[in-house]
Amino acid sequence: MSSVSDMPALSPRLSLAPQGPEFSQIVLGLWRLSAWQMSAQQRVRFLEQALELGITTIDEADIYGDYTSETLLGEAFAIAPHLRERFEVVTKCGIQFPSAQKPLQTSHIYETSAAHIVSSAENSLRNMGLDSLDLLLIHRPDPLMDADEIAEAFTQLRASGKVKHFGVSNFTTSQFALLHNRFPLVTNQVECSLLQMAPMYDGVFDQCQQLRLAPMIWSALGGGALFEGKTEQSRRLLSALEKIAAELEVSTSTIALAWIIRHPVRPLVLTGSSRVQALREAVQASHLRLSREQWFDLWRASTGADIP
Ligand SMILES: NC(=O)c1ccc[n+]([C@@H]2O[C@H](COP(=O)([O-])OP(=O)(O)OC[C@H]3O[C@@H](n4cnc5c(N)ncnc54)[C@H](OP(=O)(O)O)[C@@H]3O)[C@@H](O)[C@H]2O)c1
């Protein structure tokens, strides 16, 4: 096994679907950006440091940071316009809630009408100061979604050049199949970690492999819960992670992310940290291939039982 110093310093690049787009396997998640309290100049520096690690893809959503995260990113792009062309930008739409930023929004709803999808994408472009989005996702499955109407909005946004690719997030396999049948999707962004193995068993990863699409993974470290030791499961996991991390001379978060990346579905992994060291550890994970023995030791630590 190569040591950390031998590992390539850059995130690999992966194609989400056979016809693209190509993104960095490690994706900069900006859900928590407003909580980081960075000045605009610090945001620029953070983006530059991500690029230095080969992290060229950003994950945003209209609602992140109580509808402020896209604007904070847009401020950084306005100060350093050269950064705009260096990143692929993913954002989401389809959830609405009351907020001081949205005085006309009075209730918490899912909203996937064609008119809303188009106006939300246009608003995201304005917030970030971009001419086009690389990928737009429907954030959550809407029980009232009409696949024809969503396909109509996607067709319109693609024709106008405002959005290049489309996908969904948190969709079941049947919801994905329904929409994919109307309009080609390139990813399903789902939660997966050593604390959340559902996509390996509920058909989501099988569907991605079948269609040769790469899923995008959120809360890959359980939102930090993996390291808090608050439950029996996380204490078991932490001890198993520490053992392998010591053997391979990398951090426990590198091992936890390498466990996901080992899956043949070729997942892209979103980071959620403001620390450049955490981004570095994620990039290291993309160059580490755990053995089957290590992988199943972690599986056992997660489930608390042996494989059948
Ligand atoms: N599609 C969806 O529905 C959805 C839902 C949630 C999130 N997302 C996306 O996924 C991204 C990542 O989600 P997440 O923030 O929950 O990811 P995560 O990587 O599971 O959690 C990040 C959190 O863990 C903490 N943490 C503690 N120890 C850490 C360590 N050793 N290394 C790294 N982080 C550590 C970080 O704090 P520090 O900052 O102190 O490191 C941060 O608060 C979001 O930014 C967003 O873009 C999508």
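Let me start at the ligand: of the 24 residues around the ligand, the ones that come nearest are Gly29, Trp31, Gly224, Gly272 and Ser273, where a residue is near a molecule or strand if its C-beta atom, placed from the backbone, lies within 6 Å of it. This is a predicted model, in which local features need pLDDT of at least 70 and side-chain atom pairs count only at pLDDT 80 or more, while totals for chains, interfaces and linings use all residues. Residues are numbered from 1 along each chain as its sequence is written.

Sorted by class, the shell around the ligand holds eight nonpolar, 13 polar and three charged residues; here Ala, Val, Leu, Ile, Met, Phe, Trp, Tyr, Cys and Pro count as nonpolar, Asp, Glu, Lys and Arg as charged, and the others, Gly among them, as polar. The shell takes at least three residues from each of domain 1 (17-185) and domain 2 (187-302), with domain bounds that come from an automatic or database domain assignment.

That brings me to the domains. The protein is divided into domain 1 (17-185) and domain 2 (187-302), and the centres of these domains, taken over C-alpha atoms, are separated by 24 Å. The contact between them takes 26 residues from domain 1 and 23 residues from domain 2, two residues being in contact if their C-beta atoms, placed from the backbone, lie within 7 Å. On the side of domain 1 that touches domain 2, strand 3 (26-29), helix 1 (40-52), strand 9 (163-169) and helix 7 (173-182) each supply at least two residues; helices (H or I, at least four residues) and strands (E, at least two) are DSSP runs, numbered from the N terminus. Strand 3 gives the most to that side, with four residues, and by class the side of domain 1 that touches domain 2 has 16 nonpolar, eight polar and two charged residues.

Now the barrel. Eight strands form a closed barrel in the order 3-4-5-8-9-10-11-12, with parallel pairing, where two strands pair if DSSP finds at least two bridges between them. From one strand to the next the twist averages 30°, with axes that are lines fitted to C-alpha atoms, for helices over the stretch in contact, and angles that run from 0 to 180 degrees between N-to-C directions.

Strand 10 (residues 188-191) then pairs in the parallel sense with strand 11 (residues 216-218) over three bridges; Gln189 has Met216 in strand 11 as its bridge partner, and Glu191 has Trp218.

Two buried residues deserve a slide each. Thr57 is found in strand 4 (residues 57-59), and Thr57 counts as buried because 28 other C-beta atoms lie within 10 Å, the rule being that a residue is buried if 20 or more other C-beta atoms lie within 10 Å of its own, exposed if 12 or fewer, and partly exposed in between, with C-beta atoms placed from the backbone. Leaving out residues up to four places away in sequence, Thr57 touches Phe23, Ser24, Val27, Leu28, Phe87, Glu88 and Val90.

Phe171 lies in the loop between strand 9 and helix 7 and is buried, because 24 other C-beta atoms lie within 10 Å. With residues up to four places away in sequence again not counted, Phe171 touches Pro141, Phe176 and Asn188; between Phe171 and Pro141, 30 residues apart along the chain, the C-alpha separation is 5.6 Å.

I will finish with the backbone. The peptide bond from Gly20 to Pro21 is cis, with omega near 10°, and Pro21 is found in the loop between strand 1 (13-15) and strand 2 (22-24). Gln37, although not a glycine, has a positive phi of about 55°; Gln37 is in the loop between strand 3 and helix 1. Is Gln37 buried or exposed? Gln37 counts as exposed, because 8 C-beta neighbours lie inside 10 Å. Asp66, also not a glycine, has a positive phi of about 55°, but its place is in helix 2 (residues 64-67), and Asp66 counts as exposed with 12 C-beta neighbours inside 10 Å.
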